[in-house]
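Welcome! Here are a few exercises to work through with the sequence and the model side by side. Try each task before you read its solution.

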Amino acid sequence: MTKLTDLIHKVLIKHIDPLTKSPELILLGYCSNQTASEHLLRYLLASKFTHGLVLDVASGTCYGSSILKRAGDVKMVVSVDIDRDALRYGRIVYSVDCVCRCYASTL
Amino acid sequence: MLTVCADATHLPFRKQVFDSVVSLETLEHIRDQRVFLDNVKNSLKKSGKLILSTPNKMYTSPFLPKPLNPYHVSEFYLGSLLNFLMAHGFSVDYVYGGRRVGRLELLRRILGSLLKFFLSKFSLKPYLLDDFYHSIYNLISTRQLRRSERQCLIDPDPSLFIHEEVKSRSNMVLYQYFLVCAHL
């Protein structure tokens with residue numbers, strides 16, 4: 001079984017702070033690391049209960065779907081969001097090995 | 001991973017296909033919450049699980065008629081959330097609380113939110129209060145503290161798993177948000 005902390009590191013991006021020159025790990029799209037870690041930890045908790053075919057409503061950039069996919073016995077994750085650009089970003093960043101295009105049905 | 005661009009109240013899926021539905025911090029942003037939950041219920045299998053989280057109204061906008069966060073449509077106390085789920089035929093297995101706060105912090109939140117509410121009544125900008133808090137915080141917080149706050153993702157400590165199962169009713173007001181695991 002993968003360690004939970006490893007799951008977090010899978011969705012983070014290494015970034016070097018231009019001022020302090022120190023490397024930090026960030027989750028794109030979030031202004032504060034506190035908010036980001038809160039959202040990540042919530043997905044980790046959710047991953048304890050998910051199995052089979054999972055629907056992730058309001059997935060945003062799909063970082064959470066990526067966590068769910070990697071944890072436990074999840075076959076596939078379908079991420080739904082109303083923002084097309086966030087999903088486009090998620091398809092590039094988080095689904096390297098399992099890209100699948102789908103139709104779009106917006107309001 | 002499959003990505004579908006859709007409205008949460010018009011999910012374009014067949015009935016009873018998913019084993020689990022995860023919807024974190026979504027419910028409070030949706031106007032037709034009943035329609036949303038009916039949609040979710042339809043797409044879940046008979047034995048399927050719903051994992052849902054939403055902020056605690058007691059923390060975000062206690063006793064106020066309208067949420068202070070302009071992007072929230074309506075927020076839930078734990079009791080009203082459980083009633084809402086049960087009215088749609090879900091039975092709740094677990095309730096977890098996240099980010100426990102102290103009683104003093106909760107009192108500060110309640111007073112702060114009442115103050116913000118009255119400020120907005122007198123057409124003053126409620127975020128003036130937030131700016132005030134932040135300037136005070138920046139004055140008193142040491143460099144060390146701000147650094148550790150920035151680095152909380154670099155070293156995810158197991159003690160950060162602050163989710164606790166909510167058991168007693170007296171404690172349920174002290175969490176910033178709830179995560180509920182329910183089945184049909």
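**Exercise 1: The overall layout of chain A**

In this predicted model, residues 24 or more positions apart make up 37% of the contacts in chain A that have a separation of 6 or more.

Task: find how many helices and strands chain A has, and in what pattern they follow along the sequence.

Solution: Start by counting: chain A holds four helices and four strands. Next, read along the sequence, and the pattern is α-β-β-α-β-α-β-α. To finish the overview, note that 35% of the 107 residues of chain A count as buried.

**Exercise 2: Following strand 4**

Task: work out which strands run parallel to strand 4 of chain A.

Solution: Begin with strand 3 of chain A (residues 52–57), which pairs with strand 4 of chain A (residues 74–81) in the parallel sense over six bridges. Here A:Asp56 stands opposite A:Ser79. Then look across to chain B: its strand 1 (residues 2–5) runs parallel to strand 4 of chain A and is joined to it by four bridges. In this pairing, A:Ser79 stands opposite B:Thr3.

**Exercise 3: The two sides of a helix**

Task: sort out which residues of helix 4 of chain A are buried and which exposed residues face away from them.

Solution: First, pick out A:Leu87, A:Gly90 and A:Arg91, which are buried in helix 4 (residues 84–93) of chain A. Viewed down the axis of helix 4 of chain A, its buried residues fall within an arc of 100°, so they line one face of the helix. They pack against strand 4 of chain A together with strand 1 of chain B. Lastly, turn to the face away from the buried side, where A:Asp85 and A:Ile92 are exposed.

Definitions and conventions. Residues are numbered from 1 along each chain as its sequence is written. Chains are lettered from A and ligands numbered from 1 in the order in which they are written. This is a predicted model: local features need pLDDT of at least 70, side-chain atom pairs count only at pLDDT 80 or more; totals for chains, interfaces and linings use all residues. Two strands pair if DSSP finds at least two bridges between them. A residue is buried if 20 or more other C-beta atoms lie within 10 Å of its own, exposed if 12 or fewer, and partly exposed in between; C-beta atoms are placed from the backbone. Two residues are in contact if their C-beta atoms, placed from the backbone, lie within 7 Å. The arc is that of the directions from the helix axis to the C-beta atoms.
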